[in-house]
Amino acid sequence: MHCKHLWLYIAIIAGLISCKKDKEPPVVPPTENTTIISVHFPPTAPYTFFNFKSNTVIPNTDSASTKWDFGLRLTSFIVNSNASGPGNAAVILKDGIFDNVTEAPSQGYAYDTASNKLAVKDGSWYDYNPATRTFVPKAGKVFIFRTVDNKYAKMEILEATYENFVGLTPLKIKYKIRFSYQTDGSLNLRK
């Protein structure tokens with residue numbers, strides 16, 4: 001009788017050991033892109049709108065839509081939510097190295113609360129050179145976005161190139177950006 005219990009215990013333990021663990025869903029790496037955004041220079045020019053999912057500039061005719069994540073005019077950023085648009089986009093500007101930012105925070109994002117109170121403060125991500133009248137992106141600044149479609153992206157501005165000068169004033173700035181967009185909506189920003 002004692003042997004029966006022993007065999008029963010052995011059978012239960014063997015059954016538990018042989019049970020397969022549930023597979024964790026595969027980690028979906030974010031898509032990474034480098035692109036150029038052309039921004040008209042005059043401070044009165046309209047914002048240039050960008051969408052991470054499609055990696056495209058969105059026409060100004062769609063400024064009141066949820067088709068864009070952020071807008072850029074000269075050096076001013078807006079995000080598509082609250083005071084700047086009908087979406088749910090938000091941003092965190094973080095000091096760090098782009099490749100080392102592997103997860104988007106679940107909270108702490110900023111919104112534009114008024115046209116003069118933007119989530120990304122002017123001067124926080126660039127240095128201005130008054131001798132050359134140019135803006136240079138600061139190294140080690142990473143933008144983390146919650147996008148308009150509730151996904152996540154990280155972005156860095158690699159360079160700013162000025163074009164089509166009229167005297168000392170350029171008419172256009174081309175910003176070269178690098179970004180990773182997480183298509184599955186998770187906080188994972190790891191490649």
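The backbone oxygen of Ser38 lies 3.4 Å from a polar atom of the side chain of Thr48. This is a predicted model, in which local features need pLDDT of at least 70, side-chain atom pairs count only at pLDDT 80 or more, and totals for chains, interfaces and linings use all residues. Residues are numbered from 1 along each chain as its sequence is written, and side-chain values use heavy atoms, with hydrogens and water left out.

**Exercise 1.** Find where Thr48 lies, and decide whether Thr48 is buried or exposed.

*Solution.* Start with the strand: Thr48 belongs to S2, residues 48–51 (strands are DSSP runs of E, at least two residues, numbered from the N terminus). Next, take the relative accessible area, which is 8%. Thr48 is therefore buried (under 20% relative accessible area, with a 1.4 Å probe and protein chains only).

**Exercise 2.** List residues that Thr48 and Phe70 touch, leaving out those up to four places away in sequence.

*Solution.* Touching means contact, with heavy atoms within 4.5 Å. For Thr48, the partners include Ile37, Ser38, Val57 and Phe70. Now turn to Phe70: among its partners are Ile37, Thr48, Phe52, Phe77 and Met155.

**Exercise 3.** Describe the largest nonpolar core.

*Solution.* Such a core is a set of buried Ala, Val, Leu, Ile, Met, Phe, Trp, Tyr and Cys residues joined through side-chain atoms within 4.5 Å. The largest one has 28 residues, and Phe70 is one of those with the most contacts inside it. Strands giving two or more residues include S1, S4 and S11. Finally, S11 supplies the largest share, 5 residues.

Terms used:
Buried means under 20% relative accessible area, exposed over 50%, partly exposed in between (1.4 Å probe, protein chains only). Helices (H or I, at least four residues) and strands (E, at least two) are DSSP runs, numbered from the N terminus. A polar contact is a pair of N or O atoms within 3.5 Å; within protein, one must be able to donate a hydrogen and the other to accept it, and residues adjacent in sequence count only if both atoms are side-chain atoms.
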